[in-house]
Amino acid sequence: MERQDSSLTPDELAAIRTKFYSQYGRPYMMTCLRDMLYVDSGDKNVVMQPYRIINSLMDRQDFGSAIVEDLLIDINRALYKNCVSQGVTVTSANINQLKLLTSVTAKELIKAANHLLGTFEPGLLWDWLSDQLKGKHDNDSESNKEENNKLFVPSTAPDFEEILSLTDFLLEIVSFEYSASVQSTFLPQVLQSICKYLARTSRR
């Protein structure tokens, strides 16, 4: 019996592969990467492995966009958790004070974080933080993931206290050397979102 796909054009075959990956491959891959981020280990190589894998995938369009959409909260949460477990506090996390840290794992984590976050669009991370406060992220991700990623269960959205902790931490570890627009545009937007959130809650 002749195979039906022999009559398909390359574009049609590519569309079928993309759809199959989106429905089946992507959810499992994102779940595996997320599980790796939260592995509790004293082995530096085990801690660093998911960040290295994610870094290597970011330049691929099919994987990079999925990582940003599905794993951004987990990357930030796991980074915060791992750094804290290595004795990194907000006061010691400043990129200019890395040489003062005694933990090699902590130094490499912060360097890996800057390399990974540097692959994102300049304002993506800070826009995402602002959206958490505006309530956009939950509504958008709810419909998108229900339709495209039924096999992937997204992590719960951060509450206000966690957003503040993550923002404080990221402000200390992220290098802004090559991101003037972040300092002049996106960070003020985060501050504005925080102020608006506080104003709304104070009126309740």
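**Entry 1. T167**

I began with T167: setting aside neighbours within four places in sequence, I found T167 in contact with L129 and V190, where contact means heavy atoms within 4.5 Å. I am working from a predicted model, in which local features need pLDDT of at least 70, side-chain atom pairs count only at pLDDT 80 or more, and totals for chains, interfaces and linings use all residues. Residues are numbered from 1 along each chain as its sequence is written, and side-chain values use heavy atoms, with hydrogens and water left out.

I placed T167 in helix 7, residues 160–173. Helices (H or I, at least four residues) and strands (E, at least two) are DSSP runs, numbered from the N terminus. Is T167 buried or exposed? The relative accessible area of T167 is 6%, so T167 is buried. Buried means under 20% relative accessible area, exposed over 50%, and partly exposed in between, with a 1.4 Å probe and protein chains only.

I then listed the buried residues of helix 7: F160, I163, L166, T167, F169, L170 and I173. Helix 7 has 14 residues and reaches 20 Å from its first C-alpha to its last, close to the 20 Å expected at 1.5 Å a residue. The expected span is 1.5 Å times one less than the number of residues.

I checked helix 4 (residues 104–117) in the same manner. Its 14 residues should span 20 Å at 1.5 Å a residue, and its end C-alpha atoms are 20 Å apart, which agrees. The buried residues of helix 4 include T105, N114, L109, I110, L116 and L117.

**Entry 2. The chain as a whole**

I counted eight helices and zero strands in the protein chain. Along the sequence, the pattern reads α-α-α-α-α-α-α-α. Buried residues make up 38% of the 204 residues. Of the contacts between residues at least 6 apart in sequence, 75% join residues at least 24 apart. The chain exposes about 12200 Å², and carbon and sulfur atoms supply 53% of it; the areas come from the Shrake-Rupley method with a 1.4 Å probe.

**Entry 3. Nonpolar core**

I looked up the largest nonpolar core, which has 45 residues. Such a core is a set of buried Ala, Val, Leu, Ile, Met, Phe, Trp, Tyr and Cys residues joined through side-chain atoms within 4.5 Å. Those with the most contacts inside it are I54, I67, L79, W126, L170 and I173. The elements giving two or more residues to this core are helix 1 (10–37), helix 2 (44–57), helix 3 (61–85), helix 4, helix 5 (124–134), helix 7 and helix 8 (180–202). Which helix gives the most to this core? Helix 3 does, with eleven residues.

**Entry 4. Aromatic pairs**

I found three aromatic pairs in the structure. Rings of Phe, Tyr and Trp (its six-membered ring) pair if their centres lie within 6.5 Å; planes under 30 degrees apart count as stacked, over 60 as edge-to-face and the rest as tilted.

F20 and Y24 form a tilted pair, 5.0 Å centre to centre with 45° between the planes. Both lie in helix 1, four residues apart, about one turn of the helix. F20 is exposed at 55% relative accessible area, whereas Y24 counts as partly exposed at 41%.

F160 and Y197 form a stacked pair, 4.3 Å centre to centre with 15° between the planes. F160 lies in helix 7 and Y197 in helix 8, so this pair ties together parts that are 37 residues apart in sequence. F160 counts as buried at 18% relative accessibility, while Y197 counts as partly exposed at 21%.
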